[in-house]
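This briefing is meant to be read with the sequence and the 3D view side by side. Please open both before going through the points below.

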Amino acid sequence: MSGWFKVVELSNRVFAIMEPFHFQEVISYLIIGKKSALLFDTGAGIGNIREIVNTLWDGEVIVVNSHIHFDHIGNNHLFKEVLVYNCPEALDRLKKGYSAAELAPHNKPNLFAAGYFEKFAKGDYHIPPCNPYSIEDEHIIDLGGRIIKIIHTPGHSPDSIMLLDMENKMLFTGDTYYPGHLYAHYEGKFYGNSQIETYADSLEKVGSMVDKLLSVHPGHNDPVVSPDMLKKAAHAMRRLANRKISPGEHLFGDLSLASLPDSGENVEGYVIPDDLYVYNIDGVKIIARKRH
């Protein structure tokens, strides 16, 4: 549509709004009910997701953030209000936005598909503040004949949530699970603090729901994965939490794989550890501080 997004229609009036031309490959979802629609995340803010949503639905849109990392909140300011988990740091960040200096590590030519940095990225890429409202675990949103339940799943970040479409048995996982390197390594003001043990708890909680799910829809890479992957990820994260793992592969220098500034690059708000590793646990790859 705009040249930046790829829109895929899934089952049950759900649209995956994908941004495949940036390293993050972030995915937002438009879930349509009879009276209103829910937009789960608003993308990186490089393209205008509001224009895409308006072509798919002409009624009320309720925006919910899976968490407040930059690649999921970029177009929040284009909507009247945004719902986010009740975490003081998350609410404060949305009211503040992200500056161009803070986002500079994610706005480099090597992180874009060929030609897309020149066409879409701007030197002053930033994310304006928005108007957030807090929600709690198990909060219910009625879209009109379609009930969406909030599930708090901290670990990747303190404010991470998933959405459960109860009738259609669809789970939208945000960054708690996706088919790529899972991030359990963050600390500091920019991203907040990841907690590996808490992450394992969250994955085990949703892993116990697998038999009641028909589909899982992650926040990155692929819009549909098998529900069984939740159990596999939960097992891997628990092994990492318990340190029952083989040595990982050390990350150094270019830390773009971990969505961090390059090693030695000083950007305010980030913590850049020198002991980051990629752990491959039965095919599930997790980035974390040294655990072996």
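What follows covers the overall fold, strand pairing, salt bridges and surface of this chain.

This is a predicted model, in which local features need pLDDT of at least 70 and side-chain atom pairs count only at pLDDT 80 or more, while totals for chains, interfaces and linings use all residues. Residues are numbered from 1 along each chain as its sequence is written, and side-chain values use heavy atoms, with hydrogens and water left out.

**Overall fold**

- The protein chain contains 6 helices and 16 strands, where helices (H or I, at least four residues) and strands (E, at least two) are DSSP runs numbered from the N terminus.
- The radius of gyration, taken over C-alpha atoms, is 18 Å for the protein chain, which agrees with the value near 19 Å that a compact globule of 292 residues would have; the globule rule is 2.2 Å times the number of residues to the power 0.38.
- Along its principal axes, the C-alpha trace spans about 50 × 45 × 35 Å.
- Of the 292 residues, 57% are buried, where buried means under 20% relative accessible area, exposed means over 50%, and partly exposed lies in between (1.4 Å probe, protein chains only).
- Among contacts (heavy atoms within 4.5 Å) between residues at least 6 apart in sequence, 63% join residues at least 24 apart.

**Strand pairing**

- Strand E1 (residues 6-9) and strand E2 (residues 14-18) run antiparallel and are joined by 4 bridges; two strands are said to pair if DSSP finds at least two bridges between them.
- Within this pairing, Val7 has Ile17 in E2 as its bridge partner, and the hairpin of E1 and E2 has 4 residues between the strands, with Asn12 in the turn taking a positive phi of about 60°.
- Strand E15 (276-281) is mostly covered, since 5 of its 6 residues are buried.
- On one pairing, E15 is joined to E14 by 2 bridges in the antiparallel sense, and His250 stands opposite Tyr277 in E15.
- E15 also pairs with E16 in the antiparallel sense, over 6 bridges, and here Asn280 has Lys285 in E16 as its bridge partner.
- The hairpin of E15 and E16 has 2 residues between the strands, and Asp282 takes a positive phi near 55° there.

**Salt bridges**

- Side chains of opposite charge can pair when their charged atoms come close.
- The model has 11 salt bridges, each defined as a side-chain nitrogen of Lys or Arg within 4 Å of a carboxyl oxygen of Asp or Glu.
- Lys108 and Glu265 meet through their side chains in a salt bridge of 3.2 Å, N to O. This pair links distant parts of the chain, 157 residues apart, with Lys108 in the loop between helix H3 (100-103) and helix H4 (116-120) and Glu265 in the loop between strand E14 (249-250) and strand E15. Glu265 is partly exposed, at a relative accessible area of 27%.
- Arg238 and Glu204 form a salt bridge of 2.8 Å, N to O. Arg238 lies in helix H6 (residues 228-241) and Glu204 in helix H5 (residues 196-207), so this pair ties together parts that are 34 residues apart in sequence. Glu204 counts as partly exposed, with 35% relative accessibility.
- Arg239 forms a salt bridge with Asp282, with the closest N and O atoms 3.1 Å apart. The pair joins helix H6 to the loop between E15 and strand E16 (284-289), across 43 residues. Both partners count as partly exposed, Arg239 at 26% relative accessibility and Asp282 at 47%.

**Surface**

- The protein chain exposes about 12,300 Å², of which carbon and sulfur atoms supply 49%; accessible areas come from the Shrake-Rupley method with a 1.4 Å probe, and for residues, only the protein chains shown count as cover.
- Ile140, Ile147 and Met166 make a nonpolar surface patch of about 230 Å². Patches are made of residues with over 30% relative accessible area and no salt bridge, where like charges are joined within 9 Å and nonpolar side chains (Val, Leu, Ile, Met, Phe, Trp, Tyr) within 5 Å.
- Glu89 lies in helix H2 (residues 88-96) and is exposed, with a relative accessible area of 57%.
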